[in-house]
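Q: Can you walk me through this structure? Keep it quick, please.

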Amino acid sequence: MRFSRLARRIILLAALPLLLFAIPAATAATAAAASAATTTGWIRLAHLSPNTPAVDVYLYSFDDSSAQIVLHHVAYGTVSPYEQVPTGDYTVAMRAAGAAATSAPVLSASVDVVAGHAYTVAGLGPESGLRLQVLDDQLSTPPGKALVRIIQASLKQSVVSVKWGGDVLNGSLKFGSVSSYQTVSPGTATLTVSGGGDTSTTSVPLAAGTVHTLVVLDGANGLQIDNLLDAAGSGLEPAGAAATGFGGMAPRAPSSPLPWLAAIGAGLLLTAAGGLRLRRVSAVRSASAVRPVSAGRR
Amino acid sequence: MPAGRRTAGLLLAAGLVVLGAGATGLALTRHPDVPRAAALVVLPAPTGSIEAVVPQGAAQVAEPVSLVIPSIGVSTSLVHLGLNSNGTLQVPPTTTVAGWYTGSPRPGAIGSAVIAGHIDSVAGPGVFFRLSQLQVGARVYVRRADRSLAVFAVTSVRSYAKDHFPTADVYGAVPDAELRLITCGGTFDYSTRSYLSNTVVFAKEVS
């Protein structure tokens with residue numbers, strides 16, 4: 001009896017702190033990353049053969065007989081803007097300007113466009129040896145640098161040298177050829193192109209994060225340089241991600257269930273204590289109620 | 001005995017009340033609490049003629065001054081953002097305005113122009129709160145200092161874990177005029193008080 005009373009008291013005392021018990025809930029989870037997967041590339045078309053008349057240029061998606069892009073009357077020195085196209089195989093065809101679309105092309109070449117890549121399809125060389133060359137175009141630069149390459153499309157000066165400021169970009173570039181890309185420190189400098197007795201200079205800015213193609217052409221007054229901006233990104237790329245949020249609209253995780261579970265536990269203990277006591281009280285009463293009637297009736 | 005019975009009854013009653021309260025409380029507090037923002041107000045498209053999509057270098061394009069995204073109710077001026085001393089992207093000083101990273105190409109020039117804005121403040125939504133709700137094809141308008149207007153169409157909306165941020169995809173060179181809109185997203189880590197992801201919207205200039 002004494003033990004059970006003690007036990008009940010202990011149970012009651014234990015229930016009290018459980019009622020006051022609370023633990024804050026905390027969650028931490030990393031968000032899944034979804035990486036970008038591009039499904040397009042870029043193509044541009046160029047006529048860089050000095051003695052070839054203007055052409056019509058057609059771009060066909062593989063197995064498609066109707067052209068995706070048609071450029072009419074593309075004259076020497078023209079480089080079209082990049083067209084964004086779905087990845088896959090393409091055919092580029094050149095016909096004489098004004099020729100029927102069904103006529104046999106003068107030249108054709110195939111291009112396999114890979115996701116995120118860019119290509120220049122250029123008619124190069126003299127008319128007698130005209131060819132369509134597919135160039136892989138660079139789109140990314142080393143951090144903080146510029147990339148530059150040269151297409152030599154001057155027939156009059158069969159070999160040229162190209163300097164930009166103090167950098168020799170190419171000491172001798174033959175007509176109809178394309179130099180490899182050079183990495184340069186960004187800035188503005190004088191571009192000097194010389195061949196034979198002819199020299200041409202122009203001020204050219206090459207910014208960080210940009211890719212350029214310089215095209216050397218036979219202009220009206222001698223050598224002419226076209227500075228094509230192929231691609232540009234951030235000159236100085238930020239490091240990592242952006243801290244653009246303070247959490248005011250973030251979902252708050254459900255609070256910890258522990259305080260509620262503690263309350264349920266305390267409630268069960270109190271109920272049990274009450275029930276036990278009630279049973280004991282009832283047992284004592286019924287025990288006294290069934291006391292044998294005393295003899296006294298004889 | 002009556003006292004004993006009364007005590008027992010009180011204990012029983014108290015126990016049931018506490019038990020009931022505990023069970024009810026547990027049931028009611030199981031959902032995350034999501035703060036609600038004011039209803040979306042879709043905006044009209046800005047007026048003015050839209051510039052033709054012609055490849056241009058940065059020198060030929062004026063600096064951006066304001067940004068309007070009608071379908072998600074965004075209309076904000078653009079502050080200039082640089083880099084912090086640790087090389088990370090500066091963020092706008094207030095949560096109600098977006099900013100253009102001056103180290104990136106100008107919107108409308110060839111390249112990937114970068115604009116960033118906060119998703120929220122400590123107390124409520126920020127300028128880019130609804131950025132992740134943009135649909136592919138949605139229009140984004142940038143007004144420049146010479147009053148010209150360039151318009152972009154959303155090509156994709158991506159979410160990146162901040163500890164695996166794809167720098168080349170977001171800041172790398174591209175051969176056409178493109179835009180990247182950046183804000184935070186994903187789970188908010190209360191222990192570091194920062195979001196664990198960035199939402200990046202990719203868009204390209206259209207006429």
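A: Let's start with a strand pair. Strands β16(A) and β17(A) run antiparallel and are joined by 10 bridges. Two strands count as paired if DSSP finds at least two bridges between them. Strands (E, at least two residues) and helices (H or I, at least four) are DSSP runs, numbered from the N terminus. This is a predicted model, where local features need pLDDT of at least 70, side-chain atom pairs count only at pLDDT 80 or more, and totals for chains, interfaces and linings use all residues. Residues are numbered from 1 along each chain as its sequence is written, while chains are lettered from A and ligands numbered from 1 in the order in which they are written.

Q: Which residue is the bridge partner of Thr210(A) in β17(A)?
A: Ala232(A).

Q: What sheet does that pair sit in, and what is the strand order?
A: An open sheet of four strands, with mixed pairing. The order is β13-β10-β16-β17 in chain A. β13 (182-184) and β17 are the edge strands, each pairing on one side only. From one strand to the next, the twist averages 30 degrees; axes here are lines fitted to C-alpha atoms, and angles run from 0 to 180 degrees between N-to-C directions.

Q: New topic. How is chain A divided?
A: Into domain 1 (41-137) and domain 2 (139-233). Those bounds come from an automatic or database domain assignment. The C-alpha centres of the two domains lie 23 Å apart.

Q: How many residues does each domain give to the contact?
A: Domain 1 of chain A gives 12 and domain 2 of chain A gives 11. Two residues are in contact if their C-beta atoms, placed from the backbone, lie within 7 Å. On the domain 1 side, β8 (118-124) and β9 (131-137) of chain A each give two or more residues. β8(A) gives the most, with three.

Q: What about the largest nonpolar core? How many residues are in it?
A: It has 56 residues. A nonpolar core is a set of buried Ala, Val, Leu, Ile, Met, Phe, Trp, Tyr and Cys residues joined through C-beta atoms within 7 Å. Buried means 20 or more other C-beta atoms within 10 Å of a residue's own, with C-beta atoms placed from the backbone. Strand β10 (residues 146-153) of chain A gives the most to this core, six residues. Both domains of chain A contribute, with at least three residues from each.

Q: Which residues have the most contacts inside that core?
A: Ile43(A), Val92(A), Val121(A), Val215(A) and Val216(A). Take Val215(A): leaving aside neighbours within four places in sequence, its contacts include Leu48(A), Ile151(A) and Leu228(A).

Q: Why would such residues gather?
A: In soluble globular proteins, nonpolar side chains tend to be buried together.

Q: And how many residues of chain A are in contact with chain B?
A: 66, against 88 residues of chain B. On the chain A side, α2(A) brings the largest share, 17 residues. That side divides into 41 nonpolar, 20 polar and five charged residues. Ala, Val, Leu, Ile, Met, Phe, Trp, Tyr, Cys and Pro count as nonpolar, Asp, Glu, Lys and Arg as charged, and the others, Gly among them, as polar.

Q: Over to chain B. Is β7(B) mostly covered or mostly exposed?
A: Mostly covered: 11 of its 13 residues are buried. β7(B) runs parallel to β4 (residues 111-116) of chain B, with six bridges joining them. β7(B) also pairs with β8(B) in the antiparallel sense, over 10 bridges.

Technical notes:
A residue is buried if 20 or more other C-beta atoms lie within 10 Å of its own, exposed if 12 or fewer, and partly exposed in between; C-beta atoms are placed from the backbone.
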